[in-house]
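Please look over the sequence and the structure below before reading the notes that follow them.

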Amino acid sequence: MTVDAAAPEEDGEAPRAGRRRLWWPAALAAALALALGVPALVASSTSASGSSAAVPAGDSPEAGFARDMATHHQQAVDLSFIIRDRTSDESVRTLAFDIINTQANQRGMMMGWLDQWGLPQHSPARPMAWMRMNHAYEAHDGSLMPGMATNAQLAKLRTLSGRDAEVSYLQLMLEHHKGGVEMAQGYVDLAHNESEKRLAQSMVIGQTSEIQLITDMLKERGAAPGVPAP
């Protein structure tokens, strides 16, 4: 059914417009992830790169990115489940739903690749050591990588509701996406596995789009980007 853009708004029209605006970045990323990752996982005789001989080493960028981004994604899912129960705002809940579905799907793919490669899902290596650079980030209070919220910030979000919860979630997710884009682009620059590289590129595209969306949503609530106090 075609919606007449010139027709006057009726009850429910604005929420539907909000849904149209919100769903496509995450849906696009999820579709790309499925298209890129599933064929590699179901091929019984090949690795994620399509070659049985191309199994990455345990300390490779391929393994390190899969482990670290899976951890990063899990917190985004956790944050989104928290806000789902702390607000009735449809646009925020729709964003949270999209992030849950997209990042849980991508996380499952990365864990599947590690399993397919015969590599452990956890490593004693410092987070992001695979990026081959002296990353200055110091893990603290559960925040293991750039953009990740601290345990105190998560606990504070669980105490908030309504607009206060929405602003806190959006600010935390904005920083989370910035860290995620940095890590995904870092892997793209080092990648040897084409399937994983394309997945990382889809993360850069999808999360960059959501960064702008989240910035706009903060502005709508009279708030600015920033790190909420714990």
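The notes below cover the overall fold, the surface and the salt bridges.

This is a predicted model, in which local features need pLDDT of at least 70 and side-chain atom pairs count only at pLDDT 80 or more, while totals for chains, interfaces and linings use all residues. Residues are numbered from 1 along each chain as its sequence is written, and side-chain values use heavy atoms, with hydrogens and water left out.

**Fold and surface**
- The protein has six helices and zero strands, where helices (H or I, at least four residues) and strands (E, at least two) are DSSP runs numbered from the N terminus.
- Of the 230 residues in the protein, 47% are buried, with buried meaning under 20% relative accessible area, exposed over 50%, and partly exposed in between (1.4 Å probe, protein chains only).

**Salt bridges**
- Six salt bridges are found in a search of the whole structure, each being a side-chain nitrogen of Lys or Arg within 4 Å of a carboxyl oxygen of Asp or Glu.
- Asp85 and Arg84 form one of them, with the closest N and O atoms 3.3 Å apart; Asp85 is exposed at 54% relative accessible area, and Arg84 is partly exposed at 35%.
- Glu175 pairs with Lys178 at 3.6 Å, N to O, and both lie in helix α5 (residues 162-190), three residues apart, about one turn of the helix.
- Arg221 and Glu220 meet at 3.7 Å, N to O; Arg221 counts as buried at 12% relative accessibility, whereas Glu220 is exposed at 52%.
- A network of salt bridges links Asp89, Glu166, Glu220 and Arg221.
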